[in-house]
Amino acid sequence: MKWLSVLPQQCMFLVTCLLVALKAVPIDIDKTKVKGGEGHVEGEKVENPFHLFLKDTGLYYDEYLRQVIDVLETDKHFREKLQTADIEEIKSGKLSRELDLVSHHVRTRLDELKRQEVARLRMLIKAKMDSVQDTGIDHQALLKQFEHLNHQNPDTFEPKDLDMLIKAATNDLENYDKTRHEEFKKYEMMKEHERREYLKTLDEEKRQREESKFEEMKKKHGDHPKVHHPGSKDQLKEVWEEADGLDPNEFDPKTFFKLHDVNNDGFLDEQELEALFTKELEKVYDPKNEEDDMVEMEEERLRMREHVMNEVDINKDRLVTLEEFLRATEKKEFLEPDSWETLDQQQLFTEDELKEFENHISQQEDELRKKAEDLQKQKEELQRQHDQLQAQKQELQQVVKQMEQKKLQQGNPPAGPGGELKFQPPGEHKAEDAPKHPAGGDQPLPPGHVQEPVARTDQVHP
């Protein structure tokens, strides 16, 4: 019967261990359902639509933009309006009218930010004008080129300022990628232009050798593993397996989204999306290889991100929610995508575009050459004027020298370096030239005293 008395003790021990084990098991909380204890539903955005502008936008007024948003979010009324607003209300300027209802402290801080931004822009204008030596600066007129603030009122931040800031940022962000593509195209055309110009300097044998090397490098660059279609199941599973170290047979889109929402904000932003393409880009580009251009790699990354955004980002706010992501995984394109063409498989520009680009470069070179010639002429003219002044100076010095020599010949001593006379005028004698005292010594005779003539020893008296 002894085992009967031990059994309750063992049971209590097992229950205690079980409770401890249950307490230690980590609970996987769906952050898209619960965020900060506020109970957000699945797929709902957990931040206000201004989240779009809180990232590093790359705009020249990026810091001013983020500072304004940070200050506005300190106001309780404005923050509540943000939580119920969507991206279209913000873009349309409807939200800007709420600025009149924010606290005085917030408005004062916004006024200060605007004055700082206006001062910064004026300093940029002055630096630019100083570089071209333009002294007549009309700051008020030049401020018109900046569309993210109301330049007519440089002292206070008004609803119009918020409206202009939002619209300018939205427009600039929409055109930001387009500008980058244009700059990349110019970069590629310049590379080809410089290559062809270099070939013109070579003899036939060296030219053929260079052409063969160029074709060999192109072939070597194009010889790479297959690149998966960005955003496809195959591409994401490869990240799941190689980057995350998980079993590809257990791929789960929802878990994948959580893993790559690095800052846990409920979105995949542009930077987080671009990070997903690193494995694909490494198949094509290696910084150690001469044939691989890292500028082209970044352009490829941009193209991949744009493609995924166009396919997944339904409301075009440049952010991907969990709901948008999961909906994209249900499309046919996710499972059976088209093949992805890399940059080396595409024609980046036509011969006509290259010719137009070269003509533009030629015009710029002609303008620079003309400016250089004008500067050279100005330099030569300044040198001529300098030489002429030097000649006149030498002539004047020669005339002065001749005049001094003429004075010496006439018995007049020349003037000293300070213009003073080097001789004593009549009636002014030095003390050593005065008649000496009859008793001897160096003392001169008193005034009115006439010195008696000295008898000559050689005079014969009758």
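In which helix do Arg 384 and Glu 381 both lie, and how many residues apart are they? They both lie in helix H17, which covers residues 351-409, and they are three residues apart, about one turn of the helix. Welcome to this structure, which is a predicted model. The points below start with the whole chain and then turn to a pair of helices and some salt bridges.

**The chain as a whole**

- The secondary structure of the protein chain comes to 17 helices and two strands.
- The protein chain has 462 residues, and 31% of them count as buried.
- Its accessible surface comes to about 31,700 Å², and carbon and sulfur atoms hold 52% of that area.
- Among contacts in the protein chain with a separation of 6 or more, 63% are between residues 24 or more positions apart.

**Where helix H8 meets helix H14**

- Two packed helices are described by the angle between their axes and the distance between the axes.
- Here, the axes of helix H8 (residues 159-200) and helix H14 (residues 294-312) come within 11 Å and cross at roughly 150°.
- The crossing of H8 and H14 is left-handed.
- On the H8 side, the residues in contact are Asp 177, Arg 180, His 181, Phe 184, Tyr 187, Glu 188 and Lys 191.
- On the H14 side, they meet Val 295, Glu 296, Glu 298, Glu 299, Leu 302, Arg 303, Arg 305 and Glu 306.
- By type, the residues of this contact divide into four nonpolar, one polar and ten charged.

- A search of the whole structure finds 30 salt bridges.
- One of them joins Glu 300 to Arg 303, with the closest N and O atoms 2.4 Å apart.
- Glu 300 and Arg 303 are three residues apart in helix H14, so about one helical turn separates them.
- Both Glu 300 and Arg 303 are buried.

- Salt bridges that share partners join Asp 177, Glu 270, Glu 274, Arg 305 and Arg 318 into one network.
- Arg 107 forms a salt bridge with Asp 100, the closest N and O atoms being 3.8 Å apart.
- Arg 107 counts as buried because its relative accessibility is 17%, and buried means under 20%.

Notes
Residues numbered from 1 in each chain as written. Predicted model: local features only at pLDDT ≥ 70, side-chain atom pairs only at ≥ 80, totals over all residues. Heavy atoms only, no water. Axes fitted to C-alpha atoms, helices over the stretch in contact; angles between N-to-C directions. Helix = DSSP H or I, 4+ residues; strand = E, 2+ residues; numbered from the N terminus. Left-handed = near helix turned anticlockwise from the far one by under 90°. Contact = heavy atoms within 4.5 Å. Nonpolar A, V, L, I, M, F, W, Y, C, P; charged D, E, K, R; others polar. Salt bridge = Lys/Arg side-chain N within 4 Å of Asp/Glu carboxyl O. Buried < 20%, exposed > 50% of the residue type's maximum accessible area, 1.4 Å probe, protein only. Areas by Shrake-Rupley, 256 points an atom, 1.4 Å probe, with all protein chains shown as cover.
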